[in-house]
Amino acid sequence: MKQKKNLSTSIGSATFMSAIALAVIICGATAGTVFAAAADSLDQLYEKAKKEGKITLYAPLSPQTMSVLPPAFMKRFPGVTVDHIDATSDKLIARVLAEQRGGRVIADVISGALTYLPQILDLKIVEHVVIPEAAAYPAQLKGDLWVATDTQYYIAGWNTTLVKKGEEPKSYEEIANPKWKDNIMGEPRDYQMLVGFAKRKYNSDEKAIDLFKKIAANQVEFHRGHSQLTEFLMAGQRAICFTCYSHHFPGRVKKGAPIQPLMTEGVGEVGGSVMVMKGAPHPNAALLWVRWAVSEEGQKVYAQAGETPAHPKVEPLEKIRPTTPYMLTIDDVREFPKYEKTWKEIFQIR
């Protein structure tokens, strides 16, 4: 689940604040059903879900994931149809709130990337459920109301035609070397890099800011859109990309593209998550989807779809996870505005 939005559109807007006031508190009858179902095995839960017949999924899935994930679920659980509504997280949240204002709950499950999780939780539109399969996940990839389904990583990479063998950067500190002046490009909205380095690598805002100031001194060229950024790297527009997505490299490298990723370190975040809606019309089917999606079985399907599974025991099809990932947490999101401001000041981005 890949998407990039300006933080100002997702956090702190007047629409968001008014939406909290309008959020509907759904009665607890459905919640009791969900809690009871949590103790069932997936097969037992399936028998209950089959009586409901469908699940409505609000999730921003990539086209590849959309073509793989719902069909795999319906094949595994015949008789439970997936009605998938695709849109960016902010639009899905707005849709849910509009439906609630009309006295309706249509979605059974909602998904969101890390940036949107606090907003969804603050609105109190999702149910507390027990998910046994979540026990395998580390703390930064789950909460009382949500579990991550996939992750994504910001890394550096280089053009092998422009960077001679043996001169490749082995760390971000080496990218700060003045020899790379006028040779670096990146995505202007990737302030997550600053957060990850400050909080996870250095445990120091000062050290992280100093590093990126040195990189900025190399006259970084910025382009919006990670896919376009990788295409520019392939074309040799600049020698190094310092905020590329790691999952953009394997397929292109296999096809002969002259690029290589720096996989020693990178910043990671939740790319997608699953939550059961409060008042879900099909509570058993909703819980079945959530539990299957985060199980080892479901996570292997995410891998087949080209995603990077969040489950620590399920590897992606290609080498996508950096050796040392600096994982962002839901608590970090609250501080994103501060780091976004600093990032823009460092790189003089308007």
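Before I start on handedness, I note the rule: a crossing is left-handed if the near helix is turned anticlockwise from the far one by less than a right angle, and right-handed if clockwise. I also note that this is a predicted model.

**Entry: helices α8 and α9**

I looked up the crossing of α8 and α9, and it is right-handed. Helix α8 covers residues 192-201, and helix α9 covers residues 205-216. I read that their axes come within 7 Å and cross at roughly 135°. That angle makes α8 oblique to α9. Next I listed who meets whom. From α8 come Met-193, Leu-194, Phe-197 and Ala-198. From α9 come Asp-205, Ala-208, Ile-209, Leu-211 and Phe-212. I sorted this contact of α8 with α9 by class and got 8 nonpolar residues, no polar ones and 1 charged.

**Entry: confidence**

The mean pLDDT of the protein chain is 90. I noted that 89% of its residues reach 70 or more. Where does pLDDT stay under 50? I found that stretch at residues 2-32. For these residues the model has 49 contacts beyond four places in sequence.

**Entry: helices α4 and α13**

Helix α4 runs over residues 63-76. I found it packed with α13 at an angle of about 150°, with the axes 9 Å apart. Angles over 145 degrees count as roughly antiparallel, so α4 and α13 are roughly antiparallel to each other. I noted a right-handed crossing where α4 passes α13. On the α4 side, the contact is made by Gln-64, Val-68, Leu-69, Ala-72 and Arg-76. On the α13 side I wrote down Glu-297, Val-301, Tyr-302 and Gln-304. By class, the contact of α4 with α13 has 5 nonpolar, 2 polar and 2 charged residues.

**Entry: helices α12 and α13**

I then turned to α12, residues 283-294, and α13, residues 296-304. Their axes come within 4 Å and cross at roughly 70°. That makes α12 roughly perpendicular to α13. In α12 I picked out Trp-292, Ala-293 and Val-294. They meet Glu-296, Glu-297, Gly-298, Gln-299, Val-301 and Tyr-302 in α13. The residues of this contact of α12 with α13 divide into 5 nonpolar, 2 polar and 2 charged.

**Entry: salt bridges**

How many salt bridges does the structure hold? I read off 22. I looked up one of them, between the side chains of Lys-54 and Asp-83, at 3.7 Å from N to O. The pair links distant parts of the chain, 29 residues apart. I placed Lys-54 in strand β1, residues 54-58, and Asp-83 in strand β2, residues 81-85.

Terms used: Residues are numbered from 1 along each chain as its sequence is written. This is a predicted model: local features need pLDDT of at least 70, side-chain atom pairs count only at pLDDT 80 or more; totals for chains, interfaces and linings use all residues. Side-chain values use heavy atoms; hydrogens and water are left out. pLDDT is the predictor's confidence in each residue, from 0 to 100. Contact means heavy atoms within 4.5 Å. Axes are lines fitted to C-alpha atoms, for helices over the stretch in contact, and angles run from 0 to 180 degrees between N-to-C directions. Helices (H or I, at least four residues) and strands (E, at least two) are DSSP runs, numbered from the N terminus. Angles under 35 degrees count as roughly parallel, over 145 as roughly antiparallel, 65 to 115 as roughly perpendicular and the rest as oblique. Ala, Val, Leu, Ile, Met, Phe, Trp, Tyr, Cys and Pro count as nonpolar, Asp, Glu, Lys and Arg as charged, and the others, Gly among them, as polar. A salt bridge is a side-chain nitrogen of Lys or Arg within 4 Å of a carboxyl oxygen of Asp or Glu.
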